[in-house]
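This briefing goes through one protein chain, topic by topic.

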Amino acid sequence: MDYNTLNEIVGRLFSHFRMKHPGADTLEWWLDDIGHIPADAGDWIVKKICREQDSLPRNVTKIFQDLWRAYLAEHPDKAAKLDPVFCEVCCGKGLIWFQFQLAGFPYRATASVRCGHCDNHEILGISPDVPRMTAGELVRNGAELDRRNRRRKSKDDFVSRGQSLDFGKLVKINTE
Ligand SMILES: [Zn+2]
């Protein structure tokens, strides 16, 4: 849903519980957290909260996230349409794997963050506790992207281990 839809459904929610409508700053912040929820699901969520709760839940984005999962469980047809979208950076896995060298350690370590280029992490239910970064941010912080990110089509289609990618090159990968 977009800002206006969120503003409208949150307005209904807060009016129902006779609470002061949250400000634009709060809504912008909530949009980051729950903007991936489609408008019809948002409407379903608000109706469910109004029907089942005696007071406005304190953590609004958390109850939206929880009820979004409940919505998907009750609407398998809608959930089926939310298959991971193909993302050139994470190949639909929702995670970007990278390697980094910790000072004082002889070995390179491998780790992953949630892909900052797509919403597959939401669809796949990857914990929001995992940091979310773009490939460019990783590279700028000295990490090297791991080749396991790339679907292997041909010899030239994956990034070889240890090869740094600059952001310009990534943008090219994203749009090719
Ligand atoms: Zn991705």
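In α3, the buried residues are Ala41, Gly42, Trp44, Ile45 and Val46. They pack against two other helices, α1 and α4 (60–74). The model is a predicted one. Its protein chain holds eight helices and four strands.

**Helix α3 and its packing on α1**

- Helix α3 consists of 14 residues and spans 20 Å from its first C-alpha to its last, close to the 20 Å expected at 1.5 Å a residue.
- The axes of α1 (residues 3–16) and α3 (residues 39–52) come within 10 Å of each other and cross at roughly 5°.
- Angles under 35 degrees count as roughly parallel, so α1 is roughly parallel to α3.
- On the α1 side, the contact is made by Thr5, Ile9, Arg12, Leu13 and His16.

- Four strands form an open sheet in the order β3-β2-β1-β4, and the pairing is mixed.
- Strands β1 (residues 95–101) and β2 (residues 108–115) pair in the antiparallel sense, over seven bridges.
- Within this pair, phenylalanine 100 stands opposite alanine 109 in β2, and glutamine 101 stands opposite arginine 108 in β2.
- β1 and β2 form a hairpin with six residues between them. Glycine 104, in the turn, has a positive phi of about 90°.
- The pairing of β2 with β3 is in the parallel sense and covers two bridges.
- Cysteine 115 stands opposite methionine 133 in β3.

**Loop residues**

- Arginine 18 is found in the loop between α1 and α2 (24–34).
- The phi of arginine 18 is positive, at about 55°, although this residue is not a glycine.
- Arginine 18 has 8 C-beta neighbours inside 10 Å and therefore counts as exposed.
- Phenylalanine 86 lies in the loop between α5 (76–80) and β1.
- Is phenylalanine 86 buried or exposed? Phenylalanine 86 is exposed, because 11 other C-beta atoms lie within 10 Å and a residue counts as exposed at 12 or fewer.
- Phenylalanine 86 and cysteine 118 are 32 residues apart in sequence, while their C-alpha atoms are 8.6 Å apart in space.

**The chain as a whole**

- Read from the N terminus, the elements of the protein chain run α-α-α-α-α-β-β-α-β-α-β-α.
- The protein chain has 176 residues, of which buried residues make up 20%.
- For contacts in the protein chain between residues at least 6 apart in sequence, 58% join residues at least 24 apart.

Definitions and conventions. Residues numbered from 1 in each chain as written. Predicted model: local features only at pLDDT ≥ 70, side-chain atom pairs only at ≥ 80, totals over all residues. Axes fitted to C-alpha atoms, helices over the stretch in contact; angles between N-to-C directions. Parallel < 35°, antiparallel > 145°, perpendicular 65-115°, else oblique. Contact = placed C-beta atoms within 7 Å. Pairing = 2+ DSSP bridges. Expected span 1.5 Å × (residues − 1).
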